[in-house]
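Trainee: Could you show me how to read the inside of a protein model, and then the surroundings of its ligand?

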Amino acid sequence: MQEIQTDAAPASIGPFSQGIVDGDRIFVSGQGPVDPDSGEVVSDDIGEQTERTLKNVAAVLEAGGSSLDAVVKTTVFVTDMSNYDAVNEVYEEYVGDPAPARSAVEVADLPIDIGVEIEAIATTDP
Ligand SMILES: C=C(N)C(=O)O
């Protein structure tokens, strides 16, 4: 088991790794719409938040030798399910084909003031 550490994604804000490589699987911790350079939330707009979040997921995957194309499962956490369509509009531009398995849930709150968080499981690139 190997920890993924990259400056291309936001630093961890708690007792968790950005990602873990375990054999041929990569587990990406929940990522949010935080700019890795500034450490700030990128925007209030849910589409822009989703885009930055997926870029952060991609950065962790790439640091671990994988990519969004190799994602097999995601979980999408939103604080307002009325944003479902707006999140999907961006999400489908980023994930591979076939789209990974996914669960999407509304949560009461997230650790910082954001509207979306996404975690992922991927294979290492073949
Ligand atoms: C932000 C997180 N991924 C966490 O606290 O687990």
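Mentor: A nonpolar core is a set of buried Ala, Val, Leu, Ile, Met, Phe, Trp, Tyr and Cys residues joined through side-chain atoms within 4.5 Å, where buried means under 20% relative accessible area, exposed over 50% and partly exposed in between, with a 1.4 Å probe and protein chains only. Here the largest such core has 26 residues, and Val-28, Val-57, Leu-61, Leu-68, Val-76 and Ile-118 have the most contacts inside it. At least two of its residues come from each of strand E3 (25-31), helix H1 (46-63), strand E4 (71-78), helix H2 (84-94) and strand E6 (116-123), these being DSSP runs numbered from the N terminus (helices H or I, at least four residues; strands E, at least two). H1 gives the largest share, seven residues. This is a predicted model, in which local features need pLDDT of at least 70 and side-chain atom pairs count only at pLDDT 80 or more, while totals for chains, interfaces and linings use all residues. Residues are numbered from 1 along each chain as its sequence is written, and side-chain values use heavy atoms, with hydrogens and water left out.

Trainee: Is Gln-49 buried or exposed?

Mentor: Gln-49, which lies in helix H1, counts as buried because its relative accessibility is 4%.

Trainee: Which residues surround the ligand?

Mentor: A residue is near a molecule if one of its heavy atoms lies within 4 Å of it; around this ligand are Phe-16, Gly-30, Pro-111 and Glu-117. A polar backbone atom of Gly-30 is 3.2 Å from a nitrogen atom of the ligand.

Notes: A polar contact is a pair of N or O atoms within 3.5 Å; within protein, one must be able to donate a hydrogen and the other to accept it, and residues adjacent in sequence count only if both atoms are side-chain atoms.
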